Amino acid sequence: MEKRHSLSSEQDRCFDLIEESFPGIRANSIRCEKLGFPWDSKPFFAEEHGEILSHVGFLDYPLLINGKWHKAGALHAVCTKPAYRRRGLSSELIQKALKWA
């Protein structure tokens, strides 16, 4: 099983699993992009034989605190195919995303 940070060409492959886990998110992301808010996420995923099994997304999330900008991030769209749950895939991907950040 291969785990890695994906390239933008692979993001669309992740959306099938994300849409399965969060119905309607693909349409919402398209609507947001038209408003100027693109799906600007760094996806991390586990796959086997070309099938995406688990996904964790990382968003840059800058915060303005007392007039000063601070770098922050947020994990989102954490999901795993039901048949592959309880195997630690999401936990491994979360750790990988945090190390990357």
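User: How much space lies in the second largest pocket?
Analyst: In this predicted model, the second largest pocket holds about 170 Å³ of space.

User: Which residues line the second largest pocket?
Analyst: Its lining consists of Q11, D12, F15, R26, S29, I30, E33 and W39. Two elements, α1 and α2 (25-34), each give two or more residues to that lining.

User: Which element gives the most there?
Analyst: That is α2, which contributes four residues to the lining of the second largest pocket.

User: And how do those residues divide by class?
Analyst: The lining of the second largest pocket has three nonpolar, two polar and three charged residues.

User: What about the largest pocket, what is its volume?
Analyst: The largest pocket has a volume of about 210 Å³. The residues lining it are F37, P38, W39, D40, S41, K42, F58, L59, D60 and H76.

User: Switching to cavities: how many of 30 Å³ or more does the structure hold?
Analyst: The structure holds one such cavity. The space in the largest cavity is about 40 Å³.

User: What lines the largest cavity?
Analyst: The lining is made up of Q11, C14, F15, I18, W39, S41, P43 and H55. Here α1 (8-21) and β2 (41-48) each supply at least two residues, and α1 gives the most, with four.

User: How does the lining of the largest cavity divide by class?
Analyst: Five of its residues are nonpolar and three are polar, while no charged residue takes part.

User: Where does N66 lie, and is it buried or exposed?
Analyst: N66 sits in the loop between β4 (63-65) and β5 (68-70). N66 is exposed, because its relative accessible area of 81% is over the 50% cut-off.

User: What is the phi of R86?
Analyst: R86, also a residue other than glycine, has a positive phi near 70 degrees. The loop between β6 (73-80) and α3 (89-100) contains R86.

User: Is R86 buried or exposed?
Analyst: R86 is exposed, with a relative accessible area of 86%.

Technical notes. Residues numbered from 1 in each chain as written. Predicted model: local features only at pLDDT ≥ 70, side-chain atom pairs only at ≥ 80, totals over all residues. Heavy atoms only, no water. Buried < 20%, exposed > 50% of the residue type's maximum accessible area, 1.4 Å probe, protein only. 1 Å grid on protein atoms, 1.4 Å probe; cavity = no way out; pocket = protein on both sides within 12 Å on 5 of 7 lines; lining within 4 Å. Points joined across faces, edges and corners; volume = space filled by probe spheres on them. Nonpolar A, V, L, I, M, F, W, Y, C, P; charged D, E, K, R; others polar.
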